[in-house]
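Subject: Structure handover

Dear colleague,

Here is the structure you were to receive. Please look it over first; my notes follow below.

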Amino acid sequence: MHKKRVFSGVQPTGNLHLGNYLGAIKNFVDLQSKFECIYCIVDLHAITNRQNPKELRSNILETVASFIASGLDPKKNIIFNQASVAAHSELAWVFNCVARIGWMNRMTQFKEKAGLNKENASVGLLVYPNLMAADILIYKATHVPVGEDQKQHLELTRDIAKKFNNDFNCGEYFPIVEPLIPKEISRVMSLRDGKKKMSKSEDSDQSRINLKDTKDLINQKIKKAKTDNEPIPSEIDGLKNRSEAANLISIYGSLNEIKMSEVLKEFGGKNFSTFKSKLIESIVDKICPIGDEINKLLKDKSHLDNILALGAKRADNIAKENLKEIYKIIGLTKFT
Ligand code: AQP
């Protein structure tokens, strides 16, 4: 039996948005009182796409600030950046040798991010899921809070753990991780296209609510958010084939911690402009205090560096010991 331990990561690839918050970070905060939690800024994942070094450094600090401003306690949880703990990359190499090329080729995120120009994508982007498996399994984490978009990568982490355990005949050395995906809102969609997920790398800033958006910007973005001409239905069935409407309803439900069916009971039959005013209020109430706190925290960069340095030490202590065990299982010796 493995000790229950939570691990999750966020890429420092720009402004965090409502999707990152409702799909992942809100869950991180809820879990900190129930589990031992390790939260990582996955900077090595970020460089699978080209990053400007100056912006990357600033995005790393902004991500720590967003964690803390959202309510994560750096004393209770281990908060650190991936590049500080070498064992992540070392175990990722081992997993490059355990996982099969066919498994990588099936990953939908690779297909989406590489687009039509697959031959020109970085090798790192293709083997990204192996590094993600290493991030989790180097701590023998048992539970991983993520948005629904990461479900396939977590299934791959389970496959890698099973194959390693089986190939090296080592029982259940690696735990078979459980994803923790929010039930009511597994995937927050773009405000401009209900079929695309809200994303940091989407060109149009109008497609997302960033955690640092001002009240005016939130107001403007939600008013412009795409809907349709039908009134709000009273039953979930009425949201079929209405992805933009369903997205706004589920954002409201998630922010207010009520089921979508209850939101529809409240707003069924009403038009979107009435609903949007209430939605704006909810977003402003939840997100603006976080944005204000992020801006405050960013004024003291050395405080944020200290949080990362302390977290890195704590993470490294666990990871180093586990890597020794893993190498021993494989037959490798580390003399340093
Ligand atoms: N739209 C979303 N809805 C729900 N959850 C989401 N997450 C991301 N977007 C949504 C969850 O946030 C966590 C951190 O994600 P990430 O930043 O590491 O990578 P990502 O999934 O690739 O996020 P983005 O915003 O789309 O970034 P870019 O554009 O840089 O690729 C994860 O748990 C993810 O599920």
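Which residues does Cys37 touch, not counting residues up to four places away in sequence? They are Val6, Leu31, Gln32, Asn77 and Ile78, where contact means heavy atoms within 4.5 Å.

Before the rest, the basis of these notes. This is a predicted model, in which local features need pLDDT of at least 70 and side-chain atom pairs count only at pLDDT 80 or more, while totals for chains, interfaces and linings use all residues. Residues are numbered from 1 along each chain as its sequence is written, and side-chain values use heavy atoms, with hydrogens and water left out.

Cys37 belongs to strand β2, residues 36-41. Helices (H or I, at least four residues) and strands (E, at least two) are DSSP runs, numbered from the N terminus. Cys37 counts as buried because its relative accessibility is 1%; buried means under 20% relative accessible area, exposed over 50%, and partly exposed in between, with a 1.4 Å probe and protein chains only. Between Cys37 and Ala245 there are 208 residues in sequence and 35 Å in space, C-alpha to C-alpha.

His143 is in strand β4, which spans residues 143-145. Its relative accessibility is 14%, so His143 is also classed as buried. Leaving out residues up to four places away in sequence, His143 touches Lys4, Arg5, Val6, Phe7, Phe35, Glu178 and Leu180.

The ligand

The ligand sits in the largest pocket. On a 1 Å grid over the protein atoms alone, a pocket is an open set of points with protein on both sides within 12 Å along at least five of seven lines; a molecule sits in it if more than half of its atoms lie within 2 Å of its grid points. The elements that give two or more residues to the shell around the ligand are β1 (5-10) and α1 (18-31). Of the elements, α1 gives the most, with four residues.

There are 22 residues around the ligand, and those that come nearest are His17, Lys113, Asp149, Lys200 and Ser201. A residue is near a molecule if one of its heavy atoms lies within 4 Å of it. For Asp149, an N or O atom of the side chain is 2.5 Å from an oxygen atom of the ligand. Backbone atoms take part as well: a polar one of Gln11 is 3.0 Å from a ligand oxygen, and a polar one of Met198 is 2.9 Å from a ligand nitrogen. Taken alone the ligand exposes 640 Å², of which the protein buries 97%; accessible areas come from the Shrake-Rupley method with a 1.4 Å probe.

Gln150 is in the loop between β4 and α8 (151-167). At 13% relative accessibility, Gln150 is counted as buried. Its contacts, apart from neighbours within four places in sequence, are Gln109 and Met132. With Gln109 there is a side-chain to side-chain polar contact of 3.2 Å.

Lys111 is placed in helix α6, residues 108-114. Its relative accessibility of 45% makes Lys111 partly exposed. With neighbours within four places in sequence left aside, Lys111 is in contact with Asn105 and Arg106.

Buried or exposed? Lys140, at 18% relative accessibility, counts as buried, whereas Asn241, at 82%, counts as exposed.

The segment after α13

Phe335 is found in the segment after α13 (301-330). With 79% relative accessibility, Phe335 counts as exposed. The C-alpha atoms of Phe335 and Lys259 are 55 Å apart, and the two residues are 76 apart along the chain.

Regards

Key:
A polar contact is a pair of N or O atoms within 3.5 Å; within protein, one must be able to donate a hydrogen and the other to accept it, and residues adjacent in sequence count only if both atoms are side-chain atoms. On a 1 Å grid over the protein atoms alone, a cavity is a set of points where a 1.4 Å probe fits but cannot get out, and a pocket is an open set with protein on both sides within 12 Å along at least five of seven lines; lining residues have an atom within 4 Å of a point.
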